[in-house]
Structure formats: structure tokens, C-alpha cells
Amino acid sequence: MELLLLSGGIDSACLAFWRRPKHAITIDYGQVCAKAERDASSHFCQLFGIKHHTVRLDTGMPGSGDLAGQPPHELAPESEWWPFRNQLLLTVAAITAVSLSVDKLLLGTVSSDSFHADGRVEFVSAVDRLLQLQEGNLQVEAPAIAMDSATLVKESGIPFSHLGWAHSCHTNDLACGHCRGCNKHRDVMERLGVFEHG
């Protein structure tokens, strides 16, 4: 049984449609766009018949960059960098997965995420090995890690009309139109011919 880490963005929405896991989890870890991510994820789960779980972390830990509404840390490779985010989210998802008797966690990682250390094949393999050493013997899979987002959209078969519900903005609950997340969303739509640049 599978649990999808669902942010409500294009990539995780495509995985939700493609794999139809029984469960999905959306985690509010203090990102400025948390409400929009929860709303988009909830919509996709209702649409696709997936049981949606939400978790809110009150960590008090400072983030970095766009997702935190703060200047990027000096180590940040990009403006939306939040140190150890994926490791934190996977740990929380793993705790939830064990309580649901799930044996596999799905990540919406795509090839362009390899810019970040925790978006690389090596990270996914390492966390997969780590979780299998612990209670629950959980596996971690990123089915689209070798694909770009436009390829994932095509592979998943998700109708373009559903993608309008995806929330990709890193800086706001409403799309700002100029952050890396908004630019990616627009670029994917243009590559798919959904709308033209202009």
C-alpha cells in the first residue's frame, strides 16, 4: 500500500493521478504557501478518491528563502531552499505511514530537482535504505525522478484541466507569477502547448 507525499504542485498531482495511492499526506512545516498547498492537495484527493491526511508541524525552526519568506541562507543553491526539508518531510510521512500500515512512500521528485542534494537519486536511495532499517520496513520510491515535469504530465495521463488546480507558487497562497515555482508551472504549460508565452 502506498502513501504519497503530496504538495499540491504539478509533479505530486500527476503522481496522485497516475499511481492512485490509497493515502496521501500534506505537511504544513511553516512554508508561506501552506494553506494553498493543503487546499490544492485536498482537492486532488477528493477528485482522485485518495484518503488525505494533513499534518502541521510547530517546529519553531527558521527556514530559508522564498518558502520561508526570508532571505536565502548563504549556503542556499536557489532562492526556495529550506535546509533538510525533504528529510524532515519524509520522517513525518514515515511516522504516518507506519500508523496506516503503509509499506511504500512515493515522492514527486523529478529530474530538475537534482539541483538540490535532496532531489537526487543518491538521496532517495539513501533514505530508502535508512527507512528499511527501521520499524515498518518502509520503501521510498520516486517514480518520476528520471523525467522532467512535462514528460511526467504526459506519462501520468492527467487531464490538463486538472492542472489548473495545482499550486506551485513558493511565496504566496495566490500565484505571484515570478518565483521559481510559478515560472516552472508556466514553462511546463507552455511546453505542453496548454498556453503560449506572450
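This is a predicted model: local features need pLDDT of at least 70, side-chain atom pairs count only at pLDDT 80 or more; totals for chains, interfaces and linings use all residues.

Entry 1

Entry 2. I started with strand 2, residues 23-28, and asked how many of its six residues are buried. Six of the six are, so strand 2 is largely enclosed by the rest of the structure. I checked each face too: His-23, Ile-25 and Ile-27 are buried on one side, and Ala-24, Thr-26 and Asp-28 are buried on the other.

Entry 3. Next I looked up what pairs with strand 2. Strand 1 (residues 2-5) runs parallel to strand 2, and three bridges join them. Leu-3 sits opposite His-23 there. Strand 3 (residues 51-56) is also parallel to strand 2, with six bridges between the two. On that side, His-23 stands opposite Lys-51.

Entry 4. Strand 1, helix 1 (residues 10-19) and strand 2 form a right-handed β-α-β unit. From strand 2 the chain crosses through helix 2 (residues 34-48) to strand 3, and this β-α-β crossover is right-handed.

Entry 5. I moved on to helix 4, residues 121-132. Its 12 residues reach 17 Å from first C-alpha to last, close to the expected 16 Å. Which of its residues are buried? I found Phe-123, Val-124, Val-127, Asp-128 and Leu-131. They cover an arc of only 135° around the axis, so they lie on the same side of helix 4. Glu-122 and Arg-129, on the other side, are exposed.

Entry 6. Last, I asked what the buried residues of helix 4 pack against. My list reads helix 3 (85-99), strand 4 (104-106) and strand 5 (139-141).

Terms used:
Residues are numbered from 1 along each chain as its sequence is written. Side-chain values use heavy atoms; hydrogens and water are left out. Buried means under 20% relative accessible area, exposed over 50%, partly exposed in between (1.4 Å probe, protein chains only). Helices (H or I, at least four residues) and strands (E, at least two) are DSSP runs, numbered from the N terminus. Two strands pair if DSSP finds at least two bridges between them. A crossover is right-handed if, with the strands pointing away from the viewer, the path from the first strand over the helix to the second runs clockwise. The expected span of a helix is 1.5 Å times one less than its number of residues. The arc is that of the directions from the helix axis to the C-beta atoms. Contact means heavy atoms within 4.5 Å.
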